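Please look over the structure below before reading on.

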Amino acid sequence: MVSSAAPVVNSWQPSDRQDAVRQKIAQAPVGSVSLIGYGGAAGGAKTNLLANLAIDIALECPGSRSLVGRQDFIDLQTTTMAEFDASLPSGVLVRAYNSSPVFREIRLPEWPKGVTSTVWFRGLEDWQSLLSEEYGWVFIDEGQQVALRAVLALLTRLRHKPEPKRGLVVGFNPFPGWCVDWFMRQDFDPLIQEAFDKDPNLFLDFIPSKIGDNPYLPAGYQAMLEATLSSDPYMKAIMVDGDP
């Protein structure tokens, strides 16, 4: 445990591709909303990125409220949520709530009494239950599994005020759907395109990540995937090549 006088920082060492997402967030203007897609092939460290971005936001903005979501909560619980808990740096004070709704209240010792940042962990199948909430940031893992309607609804929830800027970060594999349309092809429904065009404070970016961009994968991981999927060109294109 570090002393209360020592600064507490997230010791996460992002890959170059992960750091590109972090820089997009850091460089976004105050008052803006960033929509960032991250992914492509399997093994691109999407889960690690989302968990650590949620930690960064919570520590850098006292009083923030973030949502970490995935289509099914049980999948979220054993992946992104577990990564979040394992990645919390020493010195952070944490109150963990594991009954529904699940969340983490975190704070640093030097923050004013009563000030906490909250990170919620929710399944997104019942997305209508989130429509009375407010968030500064939403992080979605395996976005290709989540309905576009749920994502559009969550965008209306990006209105929590302590955060100087807000946003949505989505990790995904390029199965056909809204993630590919939005981030890889920038092909929107005309009404959505019109809304984006009218908002100068809305920024959309895509950071591709392939197997070779993750230095922490075990040796032979790509060769194993290629051998396993060699008889299925469709799945090989998506999971190995990151090609929609």
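E194 is partly exposed, with a relative accessible area of 38%, where buried means under 20%, exposed over 50% and partly exposed in between, using a 1.4 Å probe and protein chains only. E194 takes part in a salt bridge with K198, whose closest N and O atoms are 3.1 Å apart; a salt bridge here is a side-chain nitrogen of Lys or Arg within 4 Å of a carboxyl oxygen of Asp or Glu. The model is predicted, so local features need pLDDT of at least 70 and side-chain atom pairs count only at pLDDT 80 or more, while totals for chains, interfaces and linings use all residues. Residues are numbered from 1 along each chain as its sequence is written, and side-chain values use heavy atoms, with hydrogens and water left out.

**Salt bridges within helices**

- K198 and E194 both lie in helix α7 (residues 190-198), four residues apart, which is about one turn of the helix; helices (H or I, at least four residues) and strands (E, at least two) are DSSP runs numbered from the N terminus.
- K198 is exposed, with a relative accessible area of 62%.
- R22 forms a salt bridge with D19, and their closest N and O atoms are 3.2 Å apart.
- Because R22 and D19 are three residues apart in helix α1 (residues 16-27), about one helical turn separates them.
- R22 is partly exposed at 27% relative accessible area, and D19 is also partly exposed, at 23%.
- D19 and R22 are linked with D56 in a network of salt bridges.

**A salt bridge between distant parts of the chain**

- R65 forms a salt bridge with E133, the closest N and O atoms being 2.8 Å apart.
- This pair links distant parts of the chain, with R65 in strand β2 (residues 65-70) and E133 in the loop between β5 (117-123) and β6 (137-140), 68 residues apart.
- R65 is buried, with a relative accessible area of 18%, whereas E133 is partly exposed at 21%.
- By the salt-bridge rule, the count comes to ten.

**Two buried strand residues**

- F103 lies in strand β4 (residues 102-107) and is buried, with a relative accessible area of 12%.
- Leaving aside neighbours within four places in sequence, F103 is in contact (heavy atoms within 4.5 Å) with R95, A96, Y97, T118, V119, W120 and F121.
- The C-alpha atoms of F103 and T118 are separated by 6.8 Å, and the two residues are 15 residues apart along the chain.
- S34, found in strand β1 (residues 33-40), is buried at 4% relative accessible area.
- Leaving aside neighbours within four places in sequence, S34 is in contact with A28, W137, R166, G167, L168 and F203.
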